[in-house]
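I opened this entry to look up cavities first, then a strand pair, then a metal site.

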Amino acid sequence: MMGTLNEIEIFDLKKQVAQKAVEKGFDAMQRVDDLMSHYKESSEVSRIKNSVPLETVRVSQDTFNVLKRSEEIAQLSDGAFDVTIGPLVKRWGFYDKEQKPLPTRQEINRMRRGMGYVHLFLRPKNREVSKRIPTLEVDLGGIAKGYAIDLAVKALKQAGVVSATVNSGGNIGFIGNPVKGEAWEVGVIDPLNPSELLGVLNIKEGAVATSGNYENYHEIEGKRYSHIIDPRTGWPVQGVLSVTVIAANAMDADALSTTLFVLGPKQGLVLAEKLNAKALFVLETENGKPELVFSKGLETQFKP
Ligand code: AMP
Ligand code: MG
């Protein structure tokens, strides 16, 4: 589901009750995958892709919520986050995990003209979506996992769970406190050596998400190209190794980790602060030792 490992851990309930709650949580995540996966021809996201310009596509409230937040974050980030990036992600070989020859500048520029979140219209009244140009596709790979976690968290809380974690590919939503200690401990992977940790973050509540260049990449002529594309250039982002974001909900943490990866630390930390989130950047350096850059105050939550 969602092309990644999904895990729900419940710490406070008896086994039978917990089992029911876990099922409800996974049902919620499955629902998001069915509605929002661009790999499924029957998803709402595929219906948008297959629509013609100005055709109205009516979507579920869940899909609309995610598209709406995507639009807001696209606006706030000046287009660094853009869910219409799909054709470029595909061209760089990240849909079929197949390495393709490097694109030419003309090819990239042509594709960039065929995308852009401003060409996707959202009308909240009847949850209607329409695209303005034929080539537009929606790729919620940078935000839907987070929304799925939020829905699962809601389902678990409704089932009476008071201490749990919901994990989807390294994005985690927290419920309550851990049984031992006051804060959840989340390892930050060393991007240059992904079987090791750079350290551990202490998190009290909310959610955390990481976008990393080690998660999905191609090596072409000795250079690494990662799956996060800068919509302003059409090229995979260079120089950032990972971004971990702590936010009140998992959708924001997920979307922001992708956004900040594109924006880099200078603009990224400003946006994080504006949205009451905190971020840890792991940056490439000349000497091969990654540099860590924290939001104000976040160092105190980090143990190397
Ligand atoms: P994440 O692992 O959450 O950072 O999401 C990465 C995924 O988001 C990629 O695999 C693409 O599907 C999608 N993506 C890549 N670049 C962007 C971008 N600039 N804006 C929005 N989504 C993106
Ligand atoms: Mg993300």
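I began with the largest cavity, which has a volume of about 60 Å³. The model is a predicted one. I found two cavities of 30 Å³ or more in the structure.

I listed the lining of the largest cavity: Leu67, Ser70, Glu71, Ala74, Asp82, Val83, Tyr117, Leu120 and Leu122. Helix H3 (61-76) and strand S3 (120-123) are the elements that give two or more residues to this lining. H3 supplies the largest share, four residues. By class I noted six nonpolar, one polar and two charged residues.

I went on to the second largest cavity, with a volume of about 40 Å³. Its lining includes Arg91, Trp92, Lys100, His218 and Ile220. The lining residues divide into five nonpolar, two polar and two charged.

S10 pairs with strand S11 (residues 223-226) in the antiparallel sense, over four bridges. I noted Tyr225 of S11 opposite His218. The hairpin has two residues between the strands, and Glu221 takes a positive phi near 50 degrees there.

Last, I checked the magnesium ion (ligand 2). Its protein donors are Gly142 (O), Asp254 (O), Asp254 (OD) and Thr258 (OG1), at 2.0 to 2.8 Å. Gly142 lies in the loop between strand S4 (128-131) and helix H6 (144-158), while Thr258 is in helix H7 (residues 250-274), 116 residues apart. I recorded both Gly142 and Thr258 as buried.

How values were computed. Residues numbered from 1 in each chain as written. Chains lettered and ligands numbered in written order. Predicted model: local features only at pLDDT ≥ 70, side-chain atom pairs only at ≥ 80, totals over all residues. Heavy atoms only, no water. Donors = N, O, S within 2.8 Å, 3.2 Å for Na, K, Ca; no water. Buried < 20%, exposed > 50% of the residue type's maximum accessible area, 1.4 Å probe, protein only. Pairing = 2+ DSSP bridges. 1 Å grid on protein atoms, 1.4 Å probe; cavity = no way out; pocket = protein on both sides within 12 Å on 5 of 7 lines; lining within 4 Å. Points joined across faces, edges and corners; volume = space filled by probe spheres on them. Nonpolar A, V, L, I, M, F, W, Y, C, P; charged D, E, K, R; others polar.
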